[in-house]
Amino acid sequence: MKALVLSSGGIDSTTALCEAVEKYGKDNVISLSVFYGQKHTKEIISARKVAEYYGVEHIETDLTNMFVYSSSSLLSSSKEEIPKEEYAEQLKTTGGDSVSTYVPFRNGLFLSAAAAIAISKDCDVLYYGAHADDAAGNAYPDCSEEFNEAIGRAIYLGSGKKVKVYAPYVKCNKAEVVKTGLEKGAPYHLTWSCYEGGEKPCGKCATCIDRQKAFSLNGAKDPALEE
Ligand SMILES: [Zn+2]
């Protein structure tokens, strides 16, 4: 059995990679990172370091062209500012819509690209780190359990029943993901979550806030802030 793990260099996908290595062994795990026109490449650099840490094959691909028409605030082509407040606050003003950092159908595209690579590289399982905090309130609709089930079925059928999608944290909040990773010794010191590409995490964007909360709920310090 072989696994392909979509790795963004953040907490969730690093925990997923950690679990995949534990289950399948490092020689049977491939890490995949995707360029999508993001404002900075810190997350890709982190993903490379995590792959190196585990000694797994690392692949990078580029889907930037897919998003050139989007004004998502995560993209370098966008003039939108990245909001400096947590998701729950942002959702009060979106009227049930996704947040400004939502990149249109990103997970759908990433998973489709990953499925093509998984088939080509003889992988049976495709891991991705979607979790319930991101899906809450429709912030990122392509992180929901329902979406995961639907695309999982599409990929399974479309791959000739060869590739199964596995989102181990789709029902978990970020604190539960961090708990799993801390227990298993995931290399969180190498990860990057912040939407801004500064020297240090900004501590103010939604993903920084979510991350800090997840560590403090576990009574732990974020090792990425200690470097
Ligand atoms: Zn930040």
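**Helices and a sheet: a quick tour**

Okay, let's start with a pair of helices. Helix 4 (residues 106–120) and helix 6 (residues 145–158) have axes that come within 11 Å and cross at roughly 25°. Quick reminder before I go on: what you see above is a predicted model.

So how do we describe that angle in words? Angles under 35 degrees count as roughly parallel, and therefore helix 4 and helix 6 are roughly parallel to each other. The crossing of helix 4 past helix 6 is right-handed. Which residues meet there? On the helix 4 side we have Gly108, Leu111 and Ala115, and they meet Ile151, Ile155 and Gly158 in helix 6. If you sort the residues of this contact by class, you get four nonpolar, two polar and no charged ones.

Helix 4 lies across strand 1 (3–6), strand 2, strand 3, strand 4 (125–127) and strand 5. Its direction runs at about 155° to strand 1.

In what order do the strands sit? The sheet is open and has five strands, in the order 3-2-1-4-5, with parallel pairing. Have a look at the two ends of that order. Strand 3 and strand 5 (164–166) are at the edges with a single partner strand each, so one side of each has no neighbour in the sheet.

Let's zoom in on one pair of strands. Strand 2 (residues 29–35) pairs with strand 3 (residues 57–62) in the parallel sense, over six bridges. If you want to find your way along that pair on screen, pick out serine 31, which stands opposite histidine 58 in strand 3. Helix 2 packs on the sheet here, touching strand 2 and strand 3, and its direction makes about 170° with that of strand 2. Then go to valine 34, which stands opposite threonine 61 in strand 3.

How do you get from strand 2 to strand 3? Through helix 2 (residues 42–54): strand 2, helix 2 and strand 3 together make a right-handed β-α-β unit.

Right, last stop: helix 7, and two helices that pack against it. Take helix 1 (residues 11–24) and helix 7 (residues 174–184): they pack at an angle of about 40°, and their axes are 9 Å apart. Helix 1 and helix 7 are therefore oblique to each other. Helix 1 passes helix 7 in a left-handed crossing. Helix 1 brings Ile11, Asp12, Thr14, Thr15, Cys18, Glu19 and Glu22 to the contact, and helix 7 brings Lys174, Val177, Val178, Thr180, Gly181 and Lys184. By class, the contact of helix 1 with helix 7 has four nonpolar, four polar and five charged residues.

And then there's helix 8 (residues 206–217). The axes of helix 7 and helix 8 come within 8 Å and cross at roughly 55°, which makes helix 7 oblique to helix 8. Is the crossing left-handed or right-handed? Helix 7 passes helix 8 in a right-handed crossing. Lys174, Ala175, Val177 and Val178 of helix 7 make this contact, with Asp210, Lys213, Ala214, Phe215 and Leu217 of helix 8. The contact of helix 7 with helix 8 counts six nonpolar, no polar and three charged residues.

That's my tour, thanks!

Notes. Residues are numbered from 1 along each chain as its sequence is written. This is a predicted model: local features need pLDDT of at least 70, side-chain atom pairs count only at pLDDT 80 or more; totals for chains, interfaces and linings use all residues. Axes are lines fitted to C-alpha atoms, for helices over the stretch in contact, and angles run from 0 to 180 degrees between N-to-C directions. Helices (H or I, at least four residues) and strands (E, at least two) are DSSP runs, numbered from the N terminus. Angles under 35 degrees count as roughly parallel, over 145 as roughly antiparallel, 65 to 115 as roughly perpendicular and the rest as oblique. A crossing is left-handed if the near helix is turned anticlockwise from the far one by less than a right angle, and right-handed if clockwise. Two residues are in contact if their C-beta atoms, placed from the backbone, lie within 7 Å. Ala, Val, Leu, Ile, Met, Phe, Trp, Tyr, Cys and Pro count as nonpolar, Asp, Glu, Lys and Arg as charged, and the others, Gly among them, as polar. Two strands pair if DSSP finds at least two bridges between them. A crossover is right-handed if, with the strands pointing away from the viewer, the path from the first strand over the helix to the second runs clockwise.
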